Amino acid sequence: TNLYLQKKSIERNKFYKILIILMFLSFSAFLMYSFISCIKDIDIPSLYMLGNTLYTLPYLIIFFIFFTFECCYKLNRYYEPICVTKKGMRSVYKNQLQSIFLYDLLLFAEALLFNVIYIFANKQFSLSLVIHTLVVLIIYFLLCILSAIFIGFLLSKIKGRFVSYIIMLIIAISETNLMDSLSVGVYNSTGTDITKSLKFFNIAPASIGWTPNMHSGYIITLDKLSQILFFIFLALLFYCLTDNEISKNNKILKSTICFCLCVITLVGYILPFSAVQMNLSASGVSADKRYYENNEQVSKPADFMVDSYDLEFSFRNDLNAVATIKTDDFKDEYKFTLYHGYKISKITDGNNDELNFTRDSDYLTIKNTSKSKLIKIYYHGSCDKYYSNYLSVFLPGNFAFYPIPGFNEMYSTHSYAGFDDLSLPYETDFNVTV
């Protein structure tokens, strides 16, 4: 009954009613247009239809943050009268959020229906593709919008519209292409990269505006999932702390649980994850170009050769590697090139004794105090362009994701391809374990 009354309340407000109708009509029209455009060409993969569906996500996130804020902020005006009623403010909030979440479910159902129909109509059915579509829509569509609803609810608890609107403006900038142009402009004028600060408010995955990766699809990354859940738990934590309708013990228990979940998801967001950065911000696809424009490259041929590589790779959030290198001669120093995104944990000789080394950007110098021809390099990390995670890997053999002899210029700022070909000029043995 309460949910019915809340929906009736929205329907009676002409402004809210018009907003909801326009949102549904726009979304449906866009999906229908995308469906017809894609179905005309039978060779267009189903991931394109999924990509077109996700393309609407930033605008839906902005809409639901604003819509939830306005609905809940209006309720706050009647906080004291509602609190003295039998069911209290908590019940009113719950019913209001349920009614808004119902719109999220309807959009999700419509998006799933269009995508599944397209998969069958385009004769590309496979169980794995349907499961991938379902999982992506649940996490990157349903949960993202749910997170936006909770953000709107959280902002409605802030006294004063001005602060809330400023935060909503920052989120709107972060969710759209304005983030890219703004971060590049700030970087070019001040040398400061504000992308990471803005990305914290960017709930939608950055890759939705680009051609989907046909090998991996849309990767569900740990940092993005953690970020989505973080805002949900943060809103619940803030509500628990400000709820005066529950007992003190209940408030402490629920607040503690929400706080722990906030910490866990925040850690998950901070943990590095190797995935291609599909955006045009200062930290996006042009980040390497900017890095090498500001860091000098060195070219110094190696005075030794590598007889064999024994490479052990494990893929989690990023690349973890142990490179065992056998050289053709003893040298007091060994010079290697290893992409700067890979951080070295330690270096040992054939007897597992640690060796001293220095690192400057891509350039690694090892002090061979033990006069060993065998070197073990332990390292981990990632590259924005050549990604490596537990779902997919793209590491070409001519890229320095393993130590390459000598100091080499890795990047050509005037080349469309970017990274130079660092293939070894001679044959050598490779033993690779994954």
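Predicted model: local features only at pLDDT ≥ 70, side-chain atom pairs only at ≥ 80, totals over all residues.
1. Residues are numbered from 1 along each chain as its sequence is written, and side-chain values use heavy atoms, with hydrogens and water left out.

2. The chain has 13 helices and 9 strands (DSSP runs: H or I of at least four residues for helices, E of at least two for strands, numbered from the N terminus). Of its 434 residues, 48% are buried (under 20% relative accessible area, 1.4 Å probe, protein chains only).

3. The largest nonpolar core holds 71 residues, and Phe64, Leu107 and Phe141 touch the most other members. Such a core is a set of buried Ala, Val, Leu, Ile, Met, Phe, Trp, Tyr and Cys residues joined through side-chain atoms within 4.5 Å. Helix H7 (127-156) is among the helices that each supply at least two residues; the largest share, 17 residues, comes from H7.

4. Leu107 is in contact (heavy atoms within 4.5 Å) with Met23, Phe24, Phe27, Leu60, Phe64, Phe141 and Ile145, leaving aside neighbours within four places in sequence. Apart from this core lies another, of 37 residues, including Ile377, Phe399, Tyr402 and Ile404.

5. Lys224 sits in helix H11 (residues 222-242). Lys224 is buried but has no salt bridge, and the nearest side chain of opposite charge, Asp223, is 6.4 Å away. A salt bridge requires a side-chain nitrogen of Lys or Arg within 4 Å of a carboxyl oxygen of Asp or Glu. Beyond four places in sequence, Lys224 touches Tyr140, Asn202, Ile203, Ala204 and Pro205.

Conventions:
Buried < 20%, exposed > 50% of the residue type's maximum accessible area, 1.4 Å probe, protein only. Lys, Arg positive; Asp, Glu negative; His and termini not counted.
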